[in-house]
Amino acid sequence: MKKDLIFGLSLFVIFWFYQWLSFLGLHFSFDPFFPFLLGGMFWRLHLLLYLFLVLICGLVVDAFSSLVPGVTVIAYFVSLFIFYQFAKKLALKGFFPALISLIFTIVLCEILRLWFLPLVFELSLPVYSFYFVGKFCLFTLFWGFLCWSFCQVSFMKDVFQISIKEN
C-alpha cells in the first residue's frame, strides 16, 4: 500500500511540476509520464492500480496536448506490453539490455502516439513532421535517462525496492 501511494503521489508531483512550468511559459516537448510508468513495472504495484494509473496518465496527456482521447492510452499500453516482454525475456539485469529496452520502448511509444495511431485512425490532427516526432523522442529519452539514473541510486532502490523480484 505504501509503494502504491508513493508511486501515485510521485505521478501527481510530476504532473503538477510540468503544468507549473508550462504556466510560467516554459514549454517542454516531452512526455512526462511514460518513462516514469516504465519504472513502475518494477515497483510491484497492484496490477489494477497500475493499469488505472496508465489509463489516467494517457488521458491527461491527450487532454493537454489536444489529441483525441485514447491515442496516448493505446500507445502506452502497447509500449508497456512490449517493455514487459523485454523484461520477461531479457530479465533486464544488465546495463545494455535495460538501456536498449528503454530506448526502444520510448521511441516506439512516441512514434505510435504522435504519428502512427493518428494516421491509422485518420484523425484530423496537424501533420507532425519527422523533426517534431524526433524532438519529442529525444527529450522524452533524456527525461527517461534522468528517471532511470534516479532509480539507480542505492537509496532509491532501498526505499522503493525497485530491483528486488519476488519468487
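Student: Why are helix α4 (residues 71–90) and helix α5 (residues 95–120), which pack at about 160° with their axes 9 Å apart, called roughly antiparallel?

Tutor: In this predicted model, local features need pLDDT of at least 70 and side-chain atom pairs pLDDT 80 or more, while totals for chains, interfaces and linings use all residues. Residues are numbered from 1 along each chain as its sequence is written, and side-chain values use heavy atoms, with hydrogens and water left out. Angles between N-to-C directions run from 0 to 180 degrees, the axes being lines fitted to C-alpha atoms, for helices over the stretch in contact. An angle over 145 degrees counts as roughly antiparallel, and α4 and α5 pack at about 160°, so the two are roughly antiparallel to each other.

Student: What makes the contact of Arg113 and Glu110 a salt bridge?

Tutor: The term requires a side-chain nitrogen of Lys or Arg within 4 Å of a carboxyl oxygen of Asp or Glu, and the side chains of Arg113 and Glu110 meet at 3.0 Å, N to O. A search of the whole structure finds one salt bridge. Arg113 and Glu110 are three residues apart in helix α5, and therefore separated by about one helical turn.

Student: How do you know whether Arg113 is buried or exposed?

Tutor: Buried means under 20% relative accessible area, exposed over 50% and partly exposed in between, with a 1.4 Å probe and protein chains only. Arg113 has a relative accessible area of 2%, so Arg113 is buried; Glu110, with 0%, is therefore buried too.

Student: Why is Phe28 called partly exposed?

Tutor: Phe28, found in the loop between α1 (2–23) and α2 (34–40), has a relative accessible area of 33%, and is therefore partly exposed.

Methods: Helix = DSSP H or I, 4+ residues; strand = E, 2+ residues; numbered from the N terminus. Parallel < 35°, antiparallel > 145°, perpendicular 65-115°, else oblique.
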